[in-house]
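Welcome! Here is a short tour of some side-chain contacts and helix packing, with the cut-offs given along the way.

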Amino acid sequence: MDPNFNGVWSASEIDMARSFLASHNTYTNDTNKKHNDIVDELQARFPGKEKHQVVQLYVHLVVEMNTMQSNNQQVVVSNALVNDNF
């Protein structure tokens with residue numbers, strides 16, 4: 001079996017997907033269309049992966065990116081509170 005056609009994502013594929021998501025982090029009124037468009041683009045970039053694999057990777061990366069962003073905002077807020085209190 002060709003390793004490019006299995007369910008395992010390589011580190012380079014994940015980095016490519018993460019980079020694509022970071023560059024397409026735009027906000028629209030129709031978030032379902034945005035998500036569908038991004039998944040369709042990722043599917044086109046990784047034709048050897050099944051749709052559910054692409055969706056799972058997309059969801060995982062979005063959660064990861066949002067968690068990192070939330071953690072960064074908490075650090076900034078915490079630092080601001082410390083600076084304002086002292």
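R18 and D15 sit three residues apart in helix α1, about one turn of the helix (helices are DSSP runs of H or I with at least four residues, numbered from the N terminus). This is a predicted model, where local features need pLDDT of at least 70, side-chain atom pairs count only at pLDDT 80 or more, and totals for chains, interfaces and linings use all residues. Residues are numbered from 1 along each chain as its sequence is written, and side-chain values use heavy atoms, leaving out hydrogens and water.

The side chains of R18 and D15 form a salt bridge, meaning a side-chain nitrogen of Lys or Arg within 4 Å of a carboxyl oxygen of Asp or Glu. The count comes to five salt bridges, including these:

| Pair | Closest N to O distance |
|---|---|
| R18 and E64 | 3.0 Å |
| K51 and D40 | 2.9 Å |

E64 belongs to helix α3 and R18 to helix α1, so their pair ties together parts 46 residues apart in sequence. Likewise, D40 in helix α2 and K51 in helix α3 tie together parts 11 residues apart in sequence. Through shared partners, salt bridges join D15, R18 and E64 into one network.

How exposed are these residues? R18 is partly exposed at 27% relative accessible area (partly exposed lies between buried, under 20%, and exposed, over 50%, with a 1.4 Å probe and protein chains only). D15 is partly exposed at 45%, and E64 at 24%.

Turning to α1 and α2, A17, F20 and L21 in α1 meet I38, E41, L42 and R45 in α2, with contact meaning heavy atoms within 4.5 Å.

Notes: Helix = DSSP H or I, 4+ residues; strand = E, 2+ residues; numbered from the N terminus.
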